[in-house]
Amino acid sequence: MKKNSIKKVYNPLTALLEKKRSRLLSVFFTAGFPELESTGQIIEALEGNGIDFAEVGMPYSDPLADGPVIQQASMKAIGNGMGLKKLFSQLEDAREKFTIPLVLMGYLNPVFQYGVEKFCKDARSAGISGVILPDMPLEQYERNYRQLFEENNLHFIFLITPTTPADRIKKIDSLTTAFIYAVSSSSITGVRKEEKGGGNFFERLKQMKLNNIYIAGFGIHNSGTLEKAWANSAGAITGSAFINKLNGYNDPDIAVKALLNDLYNR
Amino acid sequence: MEIYPDIGGFYGRFGGAYIPELLWANVEELREKYDSILSCSSYREELEGLLRDFVGRPTPLYFAAALSRESGAKIYLKREDLCHTGSHKLNNVTGQALLAVRMGKKQIIAETGAGQHGVATATVCALLKLPCTVFMGSRDMERQMPNVTRMRMLGARVIEVESGSRTLKDATNEAIRHWINNPAESYYLIGSTIGPHPYPDIVTRLQSVISRETITQLEKAEGRKEPDHVLACVGGGSNAAGSFYHFTGNGKTILTGAEAAGEGTDSGKTAATICTGSEGIIHGSRTLLMQTGDGQVRETHSLSAGLDYPGIGPLHARLNEKGLARYIPVKDHEAVEAAFRLTKLEGIIPALESAHAIALLKKISFNPGSIIVICLSGRGDKDMETFEKYFEKQT
Ligand SMILES: Cc1ncc(COP(=O)(O)O)c(C=O)c1O
């Protein structure tokens, strides 16, 4: 078999980013929250309300980079019985109904236990476009896993932060096939803090003339933070703010609409 | 040698730094600087001075005559319980706090289980005038209240952790999250041989003073440098790493760690990681841990807060795999009984954690007259409530 180049096989996220390279909006949710079977409804609501792509959170008991909102959603989801096997079967079903690009986001340990190879294969057959595993070491990805992800037509999406040095950002840029996830402040998810050097970070990124686009995430919850992200980068990813809406409304469609009201100041 | 990690921080396939990018710069700064600082002669002089005058080192290697008679071996207790603040934890804290100062850090973050590491950290921070924040699970705060009071008196901010199992694992999560939120000025002072590289190496090296002293002291007492056995309890593995250090792979000394079996390794209420765990990632390290088939970290149980942790330092995962050390589960009640036995025989009340190591005497076989060194990692003052409850049940 010839080695697949990720650009040649159809990938919904690739297709999206070919059409649209600014003012992108992505929403993160935790699979299995609020109900075990919410996944399909949430994807439907995101697609129906024009969200560009969705991040499906694979719940983990000890999410080091997440604040209380996503921690609690994850615990609830695990308590509801969510696991990778269950998630993939839900995503297989969703794939037949929806076209919105899906990216999986989570931590390495559940993926390790599932088996990285099996994970990649199942993600591919569930129509997943990409994967975000914030605790995957760069060197390990490059040495041991890159080929596996590329063969399965999965973009691997790296995070960068204001503390990531320039040479490392260049390295990440060279391994990136879709976009770079730019965390706009040194903080866990859901923390609403203004980075002192936050503006500087995007200024620096701009001057680096990277090959790939970057999309801003963490702390985006209203029109101010959204507009800033859009001004600074190709798009915005919002997570905790949406989980908060799900906490308040339970109905995914109403929750997405409420989120969009906040984001668009309607 | 197995006791040192490779350049990537791996002991065989265990260890490494599986951390979110948000932590990368913090950990990388430490990785770049720790070795040269730890090896620098002015650092070592300063550390040795503090270990001698503030911590109270060397700690005695005490020949436990009555325990020896009862057990049929020559038993020496390495008296880490006599360190200032009551446990071996101060060895590591003193070394890391000096490292933090040399890195230009302005405040200290720590997690604690039994509160011993928290107290040690609060103590050195008081000495060095560093602001100190300690994360502690609410369940551990209940069972180790005297240590909470001590930390507060020493000026530390103690933050109650309500997430997850409300014990050491969650306190560690919260400490790491706090570090992510306050990167540049903060030093995360980890309390055991756990976490991402280079922490396991830093803590192992700073605790190696235990076996270094043991060699000299044993030579004086017995005319030989190597004991037949070294016994230590294993939570994250720091007192065990320190007491095994110079004897690892010497071909003469049998190294045995006591894991907390809780109510038994089949009971579902256990913290015996090596015995019942499997390979995975916890707190940035690839090691053995207690987890579900889905890779979710399991809640553990041990009567002793300091051993109630679902992971194990990667060094121990490696020593276990290579057969260079072995790890035996000890149940709650066996540890409590050992604590009472030691108290009666020797007039020494051990920490509940250390009592697990004492209990190994009834679980391992040894030749009559063997020389056995037991690391008495801490004293039992903090465990009075637990002992009292047990005492009431017995009478
Ligand atoms: C007295 C004592 N011994 C042992 C331990 C376990 O830690 P480690 O395995 O790192 O020595 C603790 C932890 O709190 C402790 O307080």
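Helix 4 of chain B is mostly covered, since 12 of its 14 residues are buried. The model described here is a predicted one, and in it chain B also meets chain A, with 31 residues of chain B in contact with 37 residues of chain A.

**Helix 4 of chain B**

- The buried residues of this helix include Lys89(B), Leu90(B), Asn91(B) and Asn92(B), and also Val93(B), Leu98(B), Leu99(B) and Ala100(B).
- Just after helix 4 of chain B comes Gly104(B), which takes a positive phi of about 80 degrees.

**Area between chain B and chain A**

- About 2800 Å² is buried between the two chains, and carbon and sulfur atoms give 54% of that area.
- On the side of chain B, the residues that lose the most area to chain A are Glu21(B), Leu22(B) and Arg177(B), which together make up 25% of what that side buries.

**Polar links and the elements involved**

- The rule finds 2 salt bridges across the interface of chain B and chain A, and Glu21(B) forms a salt bridge with Arg168(A), where the closest N and O atoms are 2.8 Å apart.
- Across this interface there are also 18 residue pairs in polar contact.
- Helix 1 (21–39), helix 8 (168–181), strand 11 (278–282) and strand 12 (285–289) of chain B each give two or more residues to the side that touches chain A, and helix 8 gives the most, with 8 residues.
- The residues on that side of chain B divide into 14 nonpolar, 9 polar and 8 charged.

Terms used. Residues are numbered from 1 along each chain as its sequence is written. Chains are lettered from A and ligands numbered from 1 in the order in which they are written. This is a predicted model: local features need pLDDT of at least 70, side-chain atom pairs count only at pLDDT 80 or more; totals for chains, interfaces and linings use all residues. Side-chain values use heavy atoms; hydrogens and water are left out. Buried means under 20% relative accessible area, exposed over 50%, partly exposed in between (1.4 Å probe, protein chains only). Helices (H or I, at least four residues) and strands (E, at least two) are DSSP runs, numbered from the N terminus. Contact means heavy atoms within 4.5 Å. Buried area is the accessible area (1.4 Å probe) that two parts lose on being put together, summed over both. A salt bridge is a side-chain nitrogen of Lys or Arg within 4 Å of a carboxyl oxygen of Asp or Glu. A polar contact is a pair of N or O atoms within 3.5 Å; within protein, one must be able to donate a hydrogen and the other to accept it, and residues adjacent in sequence count only if both atoms are side-chain atoms. Ala, Val, Leu, Ile, Met, Phe, Trp, Tyr, Cys and Pro count as nonpolar, Asp, Glu, Lys and Arg as charged, and the others, Gly among them, as polar.
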